[in-house]
Amino acid sequence: MKPAKRVVMLADCQSFYASVEKAEHPEYKDRPLVVAGDPERRSGIVLAACPLAKKRGITTAERLGEALAKCPDVVVIKPRMQRYIDVSMQITEIYKSYTDLVEPYSIDEQFLDVTGSLHLYGCTPEELARMIQDHVQDATGVYTRFGISETKILAKTACDNYAKKSASGIYTLPKENLAETLWKLPVNQMFMAGSRMTRHFNVMGLPTIGSVAQTPLPKLKQMMRRKFGKNSDIQAELYWRIANGIDDSPVRPGTHQVDPKSVGHMMTLPRDYGRLEEIKVVLLELTELVCQRCRGLGFMGHVVTVGCMGADFDRPTGFSRQMKMEDPSNITNQVYRWACRLLEKYWDGLPIRRVGVSLSQLTPDTEYQLSLFDMGREKSMALERVTDALKRKYGDSIVIRAVSKTEAGQALDRSAKIGGHFR
Amino acid sequence: MTTRKKLEGNGLWESSRMMLPEHKATIIRQQLEEGRKDKPNLDPQEMELIERMLAESFHEHRTISLQLYDEYEDVELTGVVTTVLTQRREIKLALGPGEWEWIKIDEIVSVR
């Protein structure tokens, strides 16, 4: 027997943060509302705008000042990231009451594979989506949109390109109908095609998703090789599969349990940093966070990567470089020494807007190489075990380094935030 | 660099998703809690089978795999039974040269 086609859905929450706030503040029901970051810092942008605010011309990611100019009576709410995570988990639980195959893709998007449970409801996929949509709306006040198809990529495409624009918020994109639907859209509407890739596709004479899909794969590989060199075969195949809706990835609930490939932290600074000592303070703080997380996960990293982004948007500067340490480590001071070397070697002296540190090539930290030269290792490990335990119990701000008290320090501010916004 | 992994398994989605570390940690913690289970009550026949396998391993130095109960995730150990303490209901399982572990017989869920 030929296996039946899968029924995969991508459920997306409309203006998620704003919807959560509206549900919890019924007094603002009929007013335009935005959730925006701290205007004192550069996170002071619109993170989410409710449909009423969008109607007044406010767009996501614009500066709060611009939003206020367009719509002076808009209600501005401070983000509460932990609350959004909790509501997202609550929605996951609702989805899970319909199928055990639920995979969160971001805080407001989740995949559902209902192939095996559809018959329990004796209805069409669209009717089931409607049921789930009502359920989420009643329980949380959040409006969800559903893209439905037989693969994850098509479900995602159906949601982004059609369901979000349809009145019911539910859209099925059958694979057989791609020629009349998806293929007619311009290539910038394709999943994973950013502005740069769109430009390249246009130059290659591929203005629509259909034109990418219908180029034979060997030919597409050849065309991309001419542009990006011989290592672009996989990229070519990736875009070709996306355009054709070919995707055999499973909806995998345990997907988040895989061991991380790297552990990194990055932050946008409240102002541009132009002095080496200032940058080093943040570098140390980020290294501390990265190593702390590695220690918590039981990993050591072998390769340190440091990235800095220049302050000038119009003339992008900065670097991202990596170096292999002598031995894998998760000890803050050790990793910091290498991170500093990278910074000192590659920083061009221009003001910096964003700094990131990451550790990769992770190995379990149950065994490590004894070093003849580094006698302090056992001591550092013991010390960090204590500081980590304290931080777990009382929060990251309980023990900080002295430099974090200087003007450049960001550790205290960061410990009060999730993803750069208020908890 | 785009690697082959993006085209395999769940690679496309694992490499493109945006997850807050705090969100991810919550999901993992919850899945762990969901997998939490009580210790199974073994059927007397199953218990007999386990004890027979242990005895066989002890007498004939046969390598066996033991499944040990854990609240979250069962542990599997492979080795040969070298000592049996009937009074304390414990066995000593030799896992390799110079490596062994004492195991309470009541912790064993199954034997292969």
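## A salt bridge between the chains

Glu14(B) is partly exposed, at 25% relative accessibility. In this predicted model, its side chain meets that of Arg252(A) in a salt bridge, with N and O 4.0 Å apart. Arg252(A) is partly exposed as well, at 35% relative accessibility. The pair crosses from chain A, where Arg252(A) sits in the loop between helix H11 (233-244) and strand S9 (262-273), to helix H1 of chain B, which holds Glu14(B).

## The interface around it

Let's step back to the whole contact. Chain B contributes 26 residues and chain A 36, and the two chains bury about 3,000 Å² between them, 62% of it on carbon and sulfur atoms. On the chain B side, Leu7(B), Trp13(B) and His23(B) lose the most area to chain A, together accounting for 24% of what that side buries.

Two salt bridges are found across this interface, along with eleven residue pairs in polar contact. Helices H1 (11-16) and H2 (21-34) of chain B each supply at least two residues to the side that touches chain A. H2(B) gives the most, with ten residues.

As for confidence, the predictor assigns the complex an ipTM of 0.79 and a pTM of 0.78. Chain B averages a pLDDT of 87, and 98% of the residues score at least 70.

## Salt bridges within each chain

Over all chains, the search finds 41 salt bridges. One of them joins Lys5(A) to Glu150(A), whose closest N and O atoms are 3.9 Å apart. Lys5(A) lies in the segment before strand S1 (8-13) and Glu150(A) in the loop between strand S7 (144-149) and helix H7 (152-161), so the pair ties together parts of chain A that are 145 residues apart in sequence. Lys5(A) is partly exposed at 48% relative accessibility, whereas Glu150(A) is buried at 18%. Elsewhere in chain A, a network of salt bridges links Asp12(A), Glu109(A), Arg145(A), Lys156(A), Asp160(A) and Lys164(A).

Chain B has a salt bridge between Lys37(B) and Asp74(B), at 3.1 Å from N to O. This pair links distant parts of the chain, 37 residues apart: Lys37(B) is in the loop between H2 and helix H3 (44-60), and Asp74(B) is in the loop between strands S1 (64-68) and S2 (75-85). Both are partly exposed, Lys37(B) at 31% and Asp74(B) at 27%.

For Cys123(A), the nearest cysteine sulfur belongs to Cys159(A), 19 Å away; Cys123(A) is buried, with a relative accessible area of 19%. For Cys340(A), the nearest is that of Cys308(A), at 11 Å, and Cys340(A) is buried too, at 9%.

Terms used
Residues are numbered from 1 along each chain as its sequence is written. Chains are lettered from A and ligands numbered from 1 in the order in which they are written. This is a predicted model: local features need pLDDT of at least 70, side-chain atom pairs count only at pLDDT 80 or more; totals for chains, interfaces and linings use all residues. Side-chain values use heavy atoms; hydrogens and water are left out. pLDDT is the predictor's confidence in each residue, from 0 to 100. A disulfide is a pair of cysteine sulfur atoms within 2.5 Å. Buried means under 20% relative accessible area, exposed over 50%, partly exposed in between (1.4 Å probe, protein chains only). Contact means heavy atoms within 4.5 Å. Buried area is the accessible area (1.4 Å probe) that two parts lose on being put together, summed over both. A polar contact is a pair of N or O atoms within 3.5 Å; within protein, one must be able to donate a hydrogen and the other to accept it, and residues adjacent in sequence count only if both atoms are side-chain atoms. Helices (H or I, at least four residues) and strands (E, at least two) are DSSP runs, numbered from the N terminus.
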